[in-house]
Amino acid sequence: AVVQVDDKLRIAIPESLISRVADSESLAEYRQRAVTVGDDADAHHELARWCKGATLLPQYRHHLQRAVALNPDHAKARAALGYVQHEGRWIRYAELQKNRGMISVGGRYRLPEEVSLTRDKDELNVESKRWIREVARYQAAVARGGERANEALAAMRGIDDPSAAVAFAKALMDSGKQPRSLRMFWIERVTQLGGRASLEALVIVGLNEPDSTVREAALESLQRISPSTAVANYVPLLKSNDNDVVRRAARALSYFPNPELALPLIDALVTEHKKVIPADQSTSVGFGNDGSGGMSTGGKAKTIVTKFENPPVLALLREIEKDADFGYDQHRWRLYMASRLSGYRGDMRRDP
């Protein structure tokens with residue numbers, strides 16, 4: 001790039017050293033504006049804003065600094081230069097955050113502990129992805145059978161890295177068509193390694209698995225390592241719009257009987273489920289005996305409400321409250337629970 005300094009002097013500059021080229025018209029207008037600002041701090045701040053819009057960044061910073069030099073408490077110019085007011089004095093925001101023990105990461109100031117946790121999480125994600133590939137390779141060897149299958153199973157049994165839990169949890173979730181023995185192996189592995197991914201996989205298998213042996217193994221594992229996680233996930237499902245989910249949740253909760261489950265179980269003894277039947281948009285033609293005729297369209301959308309009694313819910317409620325049995329009579333169950341909470345010992349079997 002060649003810069004014409006005057007009629008007799010030109011300077012050649014390598015393009016690798018050029019970061020920005022200012023429009024000559026913008027520079028000309030800047031010179032005209034700069035003549036008028038004088039020693040007015042507000043005028044310098046306004047000119048700085050104009051320079052920023054015209055991408056004249058060195059001039060932008062110069063006029064902010066002039067505004068602060070003329071008025072040390074010019075808040076807008078100070079803020080544009082990265083200052084904040086702290087304990088009655090102006091201090092650079094970066095310095096303030098540094099004094100507070102914060103560090104800059106990606107343009108944001110964060111606590112070192114937070115940064116460390118994020119880095120640990122990122123490293124764990126990298127390790128987890130590596131284990132997913134490794135476990136998939138072992139899986140392929142198991143599928144092929146033979147001696148290598150036994151070697152692959154032995155190798156996977158020897159893995160004790162917690163970051164591998166994600167890989168085994170994924171294998172368990174994807175194991176629908178695999179032999180029962182292999183699916184039981186995945187349950188064994190996630191139970192041993194633990195972690196959030198393992199618990200999530202066990203909770204899902206304990207709810208949805210059609211194979212009762214595999215399902216029960218998952219629920220028994222949850223019993224041992226984190227019953228509270230299972231209860232926290234299954235209780236809300238007692239309010240599901242899908243009645244099959246309600247029953248499966250009660251079936252899973254039977255592995256975690258607790259008197260505190262009584263009230264949500266009573267609410268789920270009999271559940272109502274709505275089904276909307278769309279309006280019939282068809283058109284029909286009819287003729288009367290007298291030869292008259294007419295056309296009619298289908299009816300409006302209909303909502304059908306169906307009530308379901310839920311045997312798995314009742315069975316668990318009877319197990320928890322062994323001294324009472326009101327069948328599916330939710331009203332009597334609620335009266336009974338109210339009497340227990342209040343200390344009343346009358347006959348709650350009588351009609352209200």
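Guide: The face of α7 turned away from its buried side carries E147, N150 and E151, which are exposed. Exposed means over 50% relative accessible area, buried under 20%, and partly exposed in between (1.4 Å probe, protein chains only). Helices are DSSP runs (H or I, at least four residues), numbered from the N terminus. This is a predicted model, in which local features need pLDDT of at least 70, side-chain atom pairs count only at pLDDT 80 or more, and totals for chains, interfaces and linings use all residues. Residues are numbered from 1 along each chain as its sequence is written, and side-chain values use heavy atoms, without hydrogens and water.

Visitor: Which residues of helix α7 are buried?

Guide: In α7 (residues 147–157) they are A149, A152 and M156. They lie on the same side of α7 because they cover an arc of only 60 degrees around the axis, taken from the directions from the helix axis to the C-beta atoms.

Visitor: How many aromatic pairs are there?

Guide: Rings of Phe, Tyr and Trp (its six-membered ring) pair if their centres lie within 6.5 Å; planes under 30 degrees apart count as stacked, over 60 as edge-to-face and the rest as tilted. The count is five aromatic pairs. One of them, F168 with W186, is tilted, at 6.0 Å centre to centre and 40 degrees between the planes. This pair links distant parts of the chain, 18 residues apart: F168 belongs to helix α8 (residues 165–173) and W186 to helix α9 (residues 180–193). F168 is buried, at 0% relative accessible area.

Terms used:
Helix = DSSP H or I, 4+ residues; strand = E, 2+ residues; numbered from the N terminus.
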